[in-house]
Amino acid sequence: MGFILRLLVNALALYLLTQVYSGVFFEGGAGVGSVLIAALVMGIVNALIRPVLLLLSMPLTVLTLGLFTLVVNGVVLALVAAITALNTAGFGAAIVGALILTVISWLLDALVGALGLDGKRG
């Protein structure tokens with residue numbers, strides 16, 4: 001159940017991102033299925049490719065006191081946009097979109113936790 005909930009939260013976060021920021025958008029005619037596929041691909045890329053990128057960029061991340069992580073997150077979003085119905089208006093838009101997506105995901109995770117839907121007891 002946790003995987004499905006996580007997928008739905010990520011899909012909602014991606015959808016909300018496209019509603020609040022015009023630099024990241026879905027192709028015309030993209031429906032719920034496209035949003036779910038983009039969220040699934042985002043989860044796979046975050047699990048498999050993002051750790052490698054973070055490891056390879058460790059020197060730059062340390063040099064910039066962690067700010068280079070924003071660029072890595074932008075690369076991940078741009079990669080997801082390259083292989084799904086999600087589009088970005090450019091690499092700068094992907095970086096800004098990744099930052100906004102992080103905030104939206106954090107808020108949705110907090111809401112899911114506050115509602116007790118995450119299965120954790122606190």
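Helices α2 and α5 have axes that come within 10 Å and cross at roughly 135 degrees. Please keep in mind as you browse that this is a predicted model. The briefing starts with that helix pair, moves to a residue that takes part in it, and then turns to a salt bridge and a methionine.

**How α2 and α5 pack**

- Two packed helices are described by the angle between their axes and the distance between the axes.
- Here the partners are α2, which covers residues 32-48, and α5, which covers residues 68-83.
- An angle over 145 degrees would count as roughly antiparallel and one of 65 to 115 as roughly perpendicular, so at roughly 135 degrees α2 and α5 are oblique to each other.
- The crossing of α2 past α5 is right-handed.
- On the α2 side, the residues that meet α5 are Ala 38, Val 41, Met 42, Val 45 and Asn 46.
- On the α5 side, their counterparts are Val 76, Leu 77, Leu 79, Val 80 and Ile 83.
- By residue class, this contact of α2 with α5 holds nine nonpolar residues, one polar residue and no charged ones.

**A closer look at Ala 38**

- Ala 38 sits in helix α2 and belongs to the set that meets α5.
- Is Ala 38 buried or exposed? Its relative accessibility is 0%, and buried means under 20%, so Ala 38 counts as buried.
- Setting aside neighbours within four places in sequence, Ala 38 is in contact with Leu 14, Phe 26, Val 80 and Thr 84.
- Val 80, one of those contacts, is also among the α5 residues that meet α2.
- Leu 7 lies 31 residues from Ala 38 in sequence, with 9.8 Å between their C-alpha atoms.

**The salt bridge**

- How many salt bridges does the model have? The count comes to one.
- It joins the side chains of Asp 109 and Arg 6, at 2.6 Å from N to O.

**Met 58 in α4**

- Met 58 is placed in helix α4, which covers residues 58-63.
- With a relative accessible area of 42%, Met 58 is partly exposed.
- From Met 58 to Val 72 is 14 residues in sequence and 11 Å in space, C-alpha to C-alpha.

Conventions
Residues numbered from 1 in each chain as written. Predicted model: local features only at pLDDT ≥ 70, side-chain atom pairs only at ≥ 80, totals over all residues. Heavy atoms only, no water. Helix = DSSP H or I, 4+ residues; strand = E, 2+ residues; numbered from the N terminus. Buried < 20%, exposed > 50% of the residue type's maximum accessible area, 1.4 Å probe, protein only. Contact = heavy atoms within 4.5 Å. Axes fitted to C-alpha atoms, helices over the stretch in contact; angles between N-to-C directions. Parallel < 35°, antiparallel > 145°, perpendicular 65-115°, else oblique. Left-handed = near helix turned anticlockwise from the far one by under 90°. Nonpolar A, V, L, I, M, F, W, Y, C, P; charged D, E, K, R; others polar. Salt bridge = Lys/Arg side-chain N within 4 Å of Asp/Glu carboxyl O.
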